[in-house]
Amino acid sequence: MRSIFARKWKDGQLKNLKKLYSTYQTPKTHQAETVFTNISIHGYVKKRRLDLARKLFEEMPERTVVSWNTMISGYSKWGFFEDALSLLSLMHHSIVKLNETTFLTGLSACAHLQLQTQGKQIHCILFKSGCKNFELVGSALLYFYSSCLEIKEAEQVFDEFCDRNELLWSLMLVGYVQCNLLGHALNLFMKMPKWDVVSLSKLISGFAKSEESCEKALELFWWMRSSELVPNEFTFDSVLRACGRLGFLHEGRLVHGILIKYGFEFDQYIVCALIEFYCNCEAIGDAKRVYNGIPNPDLNASNSLMGGLISMDRIGDAELVFNRLTEMNSISFNLMIKGYAISGQVEDSKRLFEEMPERTIISFNLMISVYSRNGDIDKALNLFEEIQSERNPVTWNSMISGYIENGQYKEALKLYQTMHRLSIDRTRSIFSVLFYGCSCLGSLQQGQLLHAHLVKTPFQSNVYVGTSLTDMYSKCGSISDAHKSFTDISSPNVAAWTTLVNAYAYHGLGLQAVLIFQHMQKRNVYPNAATFVGILSACAHAGLLMEGMKLFQSMEMCYEVTPTSEHYACVVDLLGRSGHLQEAEKFIRSMPIEADGAVWGALLNACWLWMDMEVGERVAEKVLSLNPKQTYAYVILSNIFAVLGKWVEKMNVRRTLNEMDVKKDPGCSWVELNSVLHAFSVEDRSHPHFTVIYSTLQHLNANLNTIVHCDFDSI
């Protein structure tokens with residue numbers, strides 16, 4: 001009988017099975033039949049035959065809490081979270097009470113879908129049911145709130161349940177790491193009643209991904225080595241990636257030696273981490289040794305090596321690895337498409353894209369970027385339209401970035417409006433590129449509208465978005481908003497500080513720029529080459545000669561920043577604007593590198609400012625010897641000859657300029673009205689309403705030129 005029962009169960013002959021079951025055991029009540037149906041539903045769920053399981057469920061005359069939970073858990077197990085929640089809602093409105101299993105499954109589904117409202121509703125039902133003391137409910141609630149980044153609610157759950165459930169300590173730590181509250185996570189770890197390798201590995205992983213605190217991951221790892229905790233493969237993976245990000249080749253090699261002692265050298269995740277670590281440290285020989293030391297390198301290892309080679313611009317070597325692959329996946333193709341694009345081999349990128357047996361959304365996103373960077377914005381748009389039903393936030397970001405890269409800023413803003421209307425999730429990259437577009441347009445109103453959208457997202461304090469926002473406000477003329485945006489950044493890095501220094505320099509507020517520079521140093525943020533360009537430029541425009549020269553001299557001595565041609569040009573501009581033209585020329589001739597056109601051009605501008613015609617004539621000829629097509633040099637030289645009365649030379653320069661058939665771009669003014677920019681230049685008649693504009697100007701001029709005689713003595 002057992003063999004027949006097993007065979008019938010396996011074949012799924014439900015009707016025959018019921019007949020056989022009733023032959024040996026006639027149910028006295030519906031209870032036995034309900035139990036049997038629950039078992040059948042469970043069997044179908046295990047085989048992923050959810051349609052047959054649901055059919056049995058719907059046909060049940062009487063359902064128990066097990067019936068509901070089996071079906072709900074089945075949907076959740078196979079990733080059909082919406083169906084699980086829909087069925088849970090029906091259960092709630094039935095006569096069957098929800099139990100611990102129901103709450104666990106429902107909260108887990110809400111966590112996966114990040115449905116805050118529905119999850120909180122389940123929490124309310126749980127509270128009203130009096131089941132909040134269930135052993136595992138606290139874990140489910142904490143997992144839900146952490147997944148939805150509702151850290152305050154997660155802390156409340158932790159405080160209430162932590163004494164009864166040790167698992168909550170690890171979940172709370174994971175929640176802090178997910179919310180990038182690494183300081184809170186570290187404090188919690190130190191208070192844990194019992195340390196474990198999983199929690200510490202998660203903490204190390206969080207610091208390894210951090211922009212500002214990556215070195216803390218290594219500190220924790222060395223502390224772990226001195227404790228009784230034994231690192232696992234996830235620990236080593238995170239530590240190697242931290243070493244790669246920091247470029248710590250020596251420390252990474254030590255970690256490599258340690259993981260060999262623990263027997264992880266052939267683990268597929270560790271192999272990939274090792275290859276990427278050595279590539280990030282530009283130790284390509286070591287990366288190849290790791291790869292060649294594997295008996296049978298899998299595709300993940302090959303892709304890691306290709307990615308590392310491409311990041312080092314060794315496209316030819318990556319191509320050799322690609323061509324030797326016996327099997328390929330979409331990642332392999334995408335890496336090589338990216339490699340070809342980086343090296344300018346756009347046609348090869350297109351060919352490989354066409355040859356792909358299966359294109360993923362990542363492939364389409366990549367090709368949209370490739371076409372955009374190559375100036376083929378129409379082809380990029382065609383791809384964007386082709387995948388209308390598959391687009392993800394990265395797709396929208398790629399297309400918007402493409403418009404920005406090709407100077408089509410208004411089209412980028414229109415596409416963002418469509419994205420916003422469709423409620424597409426926005427990323428930090430979207431805001432960064434759009435703020436850049438607004439700064440290029442000079443559109444303060446559009447920037448403010450975007451800022452209003454930004455404050456409703458978690459990205460306002462993000463260093464990359466905040467830096468773009470600061471730059472946008474600066475270039476659109478609002479230095480106060482620029483400073484306010486900077487203060488909203490949670491942990492400003494050197495790029496953010498540099499942007500603020502440049503903002504004050506751009507507005508001619510050199511003294512404030514120097515104060516910002518000093519404040520940056522007090523915060524232990526060390527300036528880089530770009531920072532010094534900004535602060536030297538600020539000193540030049542503010543006439544802070546002594547301060548500027550001190551800063552220049554401190555570059556190598558205090559900060560180990562080697563001056564480039566751009567820094568030397570700033571110093572020449574600083575000396576020149578202060579009227580020290582002779583010193584500026586001596587400075588140029590004493591430079592350890594050969595002065596380029598930018599350096600001599602800075603001196604030429606100073607000569608024209610101070611009307612030093614003798615030095616100016618000599619410098620202009622030097623600029624033109626370096627680059628005969630420098631239009632501004634011809635214009636200044638022509639003006640110098642005119643001042644000196646050298647009319648023949650002036651006519652020769654003008655003739656040369658005319659023969660070059662170049663024109664100086666005219667200056668323009670603009671006004672923003674209803675988020676539309678209207679630009680005007682001298683004698684411009686391109687505006688559609690130029691007739692009304694000129695008529696209004698004539699009317700204003702007539703009123704201004706009217707002389708009104710007043711007899712003040714009679715007043």
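1. Ser423 sits in the loop between α26 (409–421) and α27. Although Ser423 is not a glycine, its phi is positive, at about 60°. Most residues other than glycine have a negative phi.

2. Before going on, a word on the basis. This is a predicted model, in which local features need pLDDT of at least 70 and side-chain atom pairs count only at pLDDT 80 or more, while totals for chains, interfaces and linings use all residues. Residues are numbered from 1 along each chain as its sequence is written, and side-chain values use heavy atoms, leaving out hydrogens and water.

3. Now the overall picture. The chain has 41 helices and two strands (DSSP runs numbered from the N terminus, with H or I over at least four residues for helices and E over at least two for strands). Of its 715 residues, 43% count as buried. If you take the contacts between residues at least 6 apart in sequence, 56% of them join residues at least 24 apart (a contact has heavy atoms within 4.5 Å).

4. Asn180 is another one to look at in a loop, this time between α11 (167–178) and α12 (182–191). Asn180 is not a glycine, yet it has a positive phi of about 60°. Is Asn180 buried or exposed? Asn180 is exposed, and its relative accessible area is 52%.

5. Thr34 belongs to helix α3 (residues 30–46) and is buried, with a relative accessible area of 9%. Setting aside residues up to four places away in sequence, Thr34 touches Met60, Glu62, Thr64 and Ser67. Arg63 is 29 residues from Thr34 along the chain, and their C-alpha atoms are separated by 7.1 Å.

6. The other is Ser199, in helix α13 (residues 197–208). Ser199 is buried too, with 3% relative accessible area. Its contacts, leaving aside neighbours within four places in sequence, are Ser170, Leu173, Phe189 and Met192.

7. On to helix pairs. In the pair α5 (residues 65–77) and α6 (residues 81–92), the axes are 7 Å apart and the packing angle is about 160° (axes are lines fitted to C-alpha atoms, for helices over the stretch in contact, and angles run from 0 to 180 degrees between N-to-C directions). That makes α5 roughly antiparallel to α6 (over 145 degrees; under 35 is roughly parallel, 65 to 115 roughly perpendicular and the rest oblique). From α5, the contact uses Val65, Trp68, Asn69, Met71, Ile72, Tyr75 and Ser76, and from α6 it uses Phe81, Asp83, Ala84, Leu87, Leu88, Leu90 and Met91. By class, that is 11 nonpolar, two polar and one charged residues (Ala, Val, Leu, Ile, Met, Phe, Trp, Tyr, Cys and Pro count as nonpolar, Asp, Glu, Lys and Arg as charged, and the others, Gly among them, as polar).

8. Which way do α15 (residues 233–246) and α16 (residues 249–261) run relative to each other? Their axes come within 9 Å and cross at roughly 160°. So α15 is roughly antiparallel to α16. Where they meet, α15 brings Phe236, Val239, Leu240 and Cys243, and α16 brings Glu251, Gly252, Val255, Ile258 and Leu259. This contact has seven nonpolar, one polar and one charged residues.

9. Now take α25 (residues 393–405) and α27 (residues 428–441), which pack at about 15° with their axes 10 Å apart. These two helices are therefore roughly parallel to each other. Trp396, Asn397, Ile400, Ser401 and Ile404 of α25 make the contact with Ser429, Ile430, Val433, Leu434, Tyr436 and Gly437 of α27. By class, there are seven nonpolar and four polar residues here, and no charged ones.

10. Last, helix α36 (residues 581–589). Its buried residues are Leu581, Ala584, Glu585, Phe587 and Ile588. Seen down the axis of α36, they fall within an arc of 155°, so they line one face of the helix (the arc is that of the directions from the helix axis to the C-beta atoms). The face turned away from that buried side carries the exposed residues Lys586 and Arg589. What covers the buried residues? The cover includes α34 (545–559), α35 (565–577), α37 (597–609) and α38 (613–626).

Key:
Buried < 20%, exposed > 50% of the residue type's maximum accessible area, 1.4 Å probe, protein only.
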